[in-house]
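Here's a short walk through one protein model. Take a look at the sequence and the fold, then read on.

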Amino acid sequence: MKSVELALKMETDAVKFYTEAAEKVSHPVGKKMFLSIAEDEKNHIKMIEEVLKGLELTYIEANPVKTMKTIFEEMKDNLMERIQAQTDDLEAFKIAMEMEKEGVEFYKKVFNEVNTEKEKKLFERLIYEEEQHYKIFSETYNFMKDTGNWFMWKEFSIVEGG
């Protein structure tokens with residue numbers, strides 16, 4: 001259970017970081033993206049707490065890629081103005097990518113060490129969702145760094161693999 005408790009700490013720290021990052025970044029896409037991922041991390045906390053209480057794991061359906069598409073669609077008009085990201089905004093996304101990458105690596109290691117099926121299911125789900133978060137942060141970073149690629153984003157070709 002120590003691994004599960006450590007996962008709880010990691011997810012709690014992630015919520016704090018992403019919420020603070022949303023307050024600090026100036027780019028509207030960055031703000032919304034950080035807040036969206038913070039909500040996903042809050043759902044991870046709920047799943048972890050269920051496992052710690054010995055309850056059956058309940059998946060809280062999250063679709064970060066769909067959320068990403070919605071955010072970009074909602075903000076299309078503002079984004080067309082080519083709002084330039086600040087260096088600090090981009091740095092926050094670099095840190096977020098590193099956090100998600102480290103989280104995935106940790107969860108993969110722990111997955112092989114835990115004993116119960118509940119814990120395995122929990123870490124399998126966390127690995128999947130954190131990989132999605134990494135991809136979203138990476139794509140958002142690339143978008144904010146070069147808004148000239150808006151039309152590619154509008155079609156969401158990167159996210160959908162097209």
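## The pocket

First, a term: a pocket here is an open set of grid points where a 1.4 Å probe fits, with protein on both sides within 12 Å along at least five of seven lines. Rolling a probe the size of a water molecule over the atoms shows where empty space is left. Keep in mind that this is a predicted model. Its largest pocket holds about 160 Å³ of space.

Which residues line the largest pocket? They are M10, E11, D13, A14, Y18, E41, M99, E100, E102, G103, Y107 and E130. Two elements give two or more residues to this lining, namely α1 (2-24) and α5 (87-111). By type, the lining residues split into 6 charged, 5 nonpolar and 1 polar.

## The overall fold

Zooming out, the chain has 8 helices and 0 strands. Reading along the sequence, you get the pattern α-α-α-α-α-α-α-α. Of its 162 residues, 44% count as buried.

## Two helices side by side

Now for a helix pair. Helix α2 covers residues 28-52 and helix α6 covers residues 117-145, and the two pack at an angle of about 175°. Their axes are 11 Å apart. Anything over 145 degrees counts as roughly antiparallel, so that is the label for α2 and α6. The residues of the contact between α2 and α6 come out as 13 nonpolar, 7 charged and 4 polar.

## A couple of residues to look at

Along the chain, K46 and E11 are 35 residues apart, while their C-alpha atoms are separated by 10.0 Å. E11 is also one of the residues lining the largest pocket.

Over in helix α1 you'll find L8. What does L8 touch, once its neighbours within four places in sequence are left aside? Its contacts are I45, I48, E49 and L52. For L8 and L52, which sit 44 residues apart along the chain, the C-alpha atoms are separated by 9.4 Å.

Notes:
Residues are numbered from 1 along each chain as its sequence is written. This is a predicted model: local features need pLDDT of at least 70, side-chain atom pairs count only at pLDDT 80 or more; totals for chains, interfaces and linings use all residues. Side-chain values use heavy atoms; hydrogens and water are left out. Axes are lines fitted to C-alpha atoms, for helices over the stretch in contact, and angles run from 0 to 180 degrees between N-to-C directions. Helices (H or I, at least four residues) and strands (E, at least two) are DSSP runs, numbered from the N terminus. Angles under 35 degrees count as roughly parallel, over 145 as roughly antiparallel, 65 to 115 as roughly perpendicular and the rest as oblique. Ala, Val, Leu, Ile, Met, Phe, Trp, Tyr, Cys and Pro count as nonpolar, Asp, Glu, Lys and Arg as charged, and the others, Gly among them, as polar. On a 1 Å grid over the protein atoms alone, a cavity is a set of points where a 1.4 Å probe fits but cannot get out, and a pocket is an open set with protein on both sides within 12 Å along at least five of seven lines; lining residues have an atom within 4 Å of a point. Grid points are joined across faces, edges and corners, and a volume is the space filled by probe spheres set on the points. Buried means under 20% relative accessible area, exposed over 50%, partly exposed in between (1.4 Å probe, protein chains only). Contact means heavy atoms within 4.5 Å.
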